[in-house]
Amino acid sequence: MLTKEFVSLIAEASGLSKKDAEQLLSTTNAIMRENLMAGKAIQLQGLGVLEIKERQARIIVHPRTGERTTIPSKNQLVFRPVANMKDELKKV
Amino acid sequence: MADKLSWTELRRALASRAGVTEKVAGTFLNALAEQLKEGLRTDKQVKINGLGTFKLQAVAPRKSVNINTGEEIVIEGYNKVVFSPEAGVKEMIESNQPSDVSHQPAEGDFPIDPIKKLGEQADEIVGLLADLGQDPNKEAETEEPEPVVEPEPVVVPEPVVKPEPVVEPEPVVEPEPIVKPEPVVVPEPIVKPEPVKEDKPKKPKKYHFLRDLLICVIVLLLLLGGGYLLIRNRLSSWLESLAQPQQPQTEQVEDTISAPPSDEAETESRSQIDMIPEGDIPQQQILDEFLAISDGIEQEEAPYSDLITTEEMHAGSRLTWMSKRFYGDKRYWPYLYDANRDRITNPSNIEIGTPIRVPRLTAEQLDTTNANSRAELERLRIEAEAACRK
């Protein structure tokens, strides 16, 4: 499902106009991004948590040359679903 | 992440930012959560521009074993919720520029510049990898530019929306022209892969050449060494066999003859084995000697007058061991028995504390190459073993 369809579904469910829904969605995204960049996790009620996790730096070895290079640590955006949601979607 | 933006906080922020009441924001967010779940249920995938994609990933059923009972069980397949952030968002978070300012221009600038640069990068990498042949990096590197194409539509709605209703986002929008911090970030990934990839085609050639040379040299050395040892061994054994052809034969015969008894069972079996190959000769000699013994044992005992010492039998000692200690070989034990016939009834079971006379043996008796002394020794041994059986 793409954003357009998703927006229209939200609009239908919430009784807002499509335009408003779209605007609200993009604003929500912006807020989320800002908070994520500030190091905050975001709780989505009934869904889960969007959070930033650190991937540890690691050493890789090139299989042919045996050359070793380090991959620096990096942050990743991770979604951790709530147990409730997990169970609901286990069997679809 | 200790800090968490709660649902209510999000609602409040949304309300103030978008200029709507909290109630509207609340209904919107609830609808969002519900539709997201519903969308996953129906489409297994919900894409939200400006954030990422929520997906339902199927985990196939697999076999396992019950730890307690060892029974085979099947773990049923299920679906797993997975979120993959949009390329632009991903890069933002990876580079982790904490300022709220930087990410807004990122919306506008990211999709345009990096696409070209990533495209160029990909071409370079593909070219380099083609030289190397197959490489797992190929997939990873070539995949990257694809998702970058998606964020393009994002650019259209967002900048249009923000400046209109709200006052707050404006400071956020202002820095848009400041493209400078971005290019700093972008060139980094370009620089990194290049030296790594350029090194690859050069190094393996040197490495392989040196390694092959080393292996060749080692194998040659090993072959030469092995050949040398083989030839030397053969030569020496051949020379030995030329020089002393008779000695080993006699020694072998003696070995079979001289088997010391340690247990009754052993002596029995050995004497049986020995009797067979020896044939008639020793038996005839035995008859002769028995006749001689019946005439007078004193004659025989006479040569044992010269004693080295007299030793008491102690627990664990054996005639063979004493023979080995005094004469240098356990084969001469029958002489010990012969010298102590009056005290020993069973040579394999001598009473502890029995004083054993150890006679000095003549050179002739000790000479194993002498046929007479060998026959004598053999006779004594057969007698001793006969005594064991009594």
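I began with the sheet of chain B, where strand 3 (residues 52–59) is joined to strand 6 by eight bridges and the two run antiparallel. I count helices (H or I, at least four residues) and strands (E, at least two) as DSSP runs, numbered from the N terminus, and I take two strands as paired if DSSP finds at least two bridges between them. I looked up one position in that pairing and found Lys80(B), in strand 6 of chain B, as the bridge partner of Gln57(B).

Before going on, I note that this is a predicted model, in which local features need pLDDT of at least 70 and side-chain atom pairs count only at pLDDT 80 or more, while totals for chains, interfaces and linings use all residues. Residues are numbered from 1 along each chain as its sequence is written, with chains lettered from A and ligands numbered from 1 in the order in which they are written.

I then followed the sheet as a whole, an open one of three strands in the order 2-3-6 of chain B, with antiparallel pairing. Strand 2 (45–48) and strand 6 (78–85) of chain B each have a single partner strand and stand at the edges, so one side of each lacks a neighbour in the sheet. The twist from one strand to the next averages 20 degrees, with axes taken as lines fitted to C-alpha atoms, for helices over the stretch in contact, and angles running from 0 to 180 degrees between N-to-C directions.

Next I asked what chain A places against this sheet, and found helix 3 (residues 83–90) of chain A lying across strand 3 and strand 6 of chain B, at about 120 degrees to strand 6 of chain B.

For the interface, I looked up contacts (C-beta atoms, placed from the backbone, within 7 Å) and found 56 residues of chain B in contact with 53 residues of chain A. Helix 2 (residues 22–43) of chain B supplies the largest share of chain B's side, 13 residues. I also recorded a parallel pairing between the chains, in which two bridges join strand 1 (residues 41–44) of chain A to strand 1 (residues 4–5) of chain B, and there Ile42(A) stands opposite Leu5(B).

Key. Two residues are in contact if their C-beta atoms, placed from the backbone, lie within 7 Å.
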